[in-house]
Amino acid sequence: MLSLAVILSLFSGLPGGLGVDVGASISSFAPVETEYDQRFRTPGFSYGIVASLDAPGPLVIHLGGEYFSKKAASGWDGEVSSMLFWAFPCAQLNVLDGFSVFGGPGIVGVNGSYSGTDDFGSFVEADGSSVGFAASAGADLTLWGPIFARLEFRHGWMDMKSDRVIKDGAETVVYPAVDTDLGYSQYIFSLNVHLSAVDGEGM
């Protein structure tokens, strides 16, 4: 992730005064399908790295990745882990000095795996990836100097088809393919720092 910060820092030197921010996030992650509450022990929390490219004018591009995991717990022998990647071109409005709001659509991608006992007593292992869309809205508040906090809400629409799983250690073809709804909503809190500022000035 250090290399990401270096690359983003290089972008800040491009003509036009592009600003760059990086930070760390924690979010509450809740799938749309309520049946996942029992099967996958969700909702839960995800942790990630965030970055922003702030161009002159109202456009800001939010980038990042998050990790979500649920391990076997009492009454459940399953395990879920996933990586979520996203990019949101957003419109940003400075409401007050040090306070701004933003919103816009984006693209999200997920790569994950699951293992656990199904309803028929078989131990199932599966993995896969998918791409979908999401909407984002939130606000930034300057705390001190280059450090600011961000509170954001997102809702994503995404699904995935699976036609092969590992059942009791053997690969099994699933027919017809299982269509899984990966839609989700989440509240995200992040602490960020300005690595550079538009036209060399602070927020």
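1. The lining of the largest cavity in this predicted model is made up of three nonpolar, two polar and three charged residues. Here Ala, Val, Leu, Ile, Met, Phe, Trp, Tyr, Cys and Pro are nonpolar, Asp, Glu, Lys and Arg are charged, and the others, Gly among them, are polar. The residues in question are Val 50, His 62, Trp 86, Arg 150, Glu 152, Arg 154, Ile 188 and Ser 190. Two elements give two or more residues each to this lining, strand E7 (147-157) and strand E10 (184-194). The largest share, three residues, comes from E7. Helices (H or I, at least four residues) and strands (E, at least two) are DSSP runs numbered from the N terminus.

2. The volume of this largest cavity is about 40 Å³. How many cavities of 30 Å³ or more does a search of the whole structure find? The search returns one. A cavity is a set of points on a 1 Å grid over the protein atoms alone where a 1.4 Å probe fits but cannot get out, and lining residues have an atom within 4 Å of a point. Points are joined across faces, edges and corners, and the volume is the space filled by probe spheres set on them.

3. On conventions, residues are numbered from 1 along each chain as its sequence is written, and side-chain values use heavy atoms, with hydrogens and water left out. As the model is predicted, local features need pLDDT of at least 70 and side-chain atom pairs count only at pLDDT 80 or more, whereas totals for chains, interfaces and linings use all residues.

4. The structure holds two salt bridges (a side-chain nitrogen of Lys or Arg within 4 Å of a carboxyl oxygen of Asp or Glu). In one of them the side chain of Arg 150 meets that of Asp 140, at 2.7 Å from N to O. The pair links distant parts of the chain, with Arg 150 in strand E7 and Asp 140 in strand E6 (residues 123-144), 10 residues apart. Arg 150 and Asp 140 are both buried, buried being under 20% relative accessible area, exposed over 50% and partly exposed in between (1.4 Å probe, protein chains only).

5. Arg 154 counts as buried because its relative accessibility is 1%. Glu 152 is likewise buried, at 4% relative accessibility.

6. The protein chain has two helices and 10 strands. Read from the N terminus, its elements follow the order α-β-α-β-β-β-β-β-β-β-β-β. Of its 203 residues, 38% are buried. Among contacts (heavy atoms within 4.5 Å) with a separation of 6 or more, 59% are between residues 24 or more positions apart. The accessible surface comes to about 11200 Å², and carbon and sulfur atoms account for 64% of that; areas come from the Shrake-Rupley method with a 1.4 Å probe.

7. Asp 168 deserves a check. Its phi is near 50 degrees, a positive value in a residue other than glycine. Most residues other than glycine have a negative phi. Asp 168 sits in the loop between strand E8 (159-167) and strand E9 (170-181). Is Asp 168 buried or exposed? Asp 168 has a relative accessible area of 53%, so it is exposed.

8. Ser 115 belongs to strand E5 (residues 99-117) and counts as buried because its relative accessibility is 17%. Ser 115 and Gly 78 are 37 residues apart in sequence, with 5.3 Å between their C-alpha atoms. Neighbours within four places in sequence aside, the contacts of Ser 115 are Asp 77, Gly 78, Glu 79, Phe 123, Val 124 and Glu 125.

9. Gly 19 is in strand E1 (residues 19-31). Its relative accessible area is 3%, so Gly 19 is buried.

10. Pro 89, in strand E4 (residues 79-96), is partly exposed at 45% relative accessibility. Beyond four places in sequence, Pro 89 touches Leu 59, Val 60, Ile 61, Gly 104, Pro 105 and Gly 106. Asp 37, in helix H2 (residues 36-39), is partly exposed at 35%. With neighbours within four places left aside, Asp 37 is in contact with Thr 42 and Pro 43.

Note on methods: 1 Å grid on protein atoms, 1.4 Å probe; cavity = no way out; pocket = protein on both sides within 12 Å on 5 of 7 lines; lining within 4 Å.
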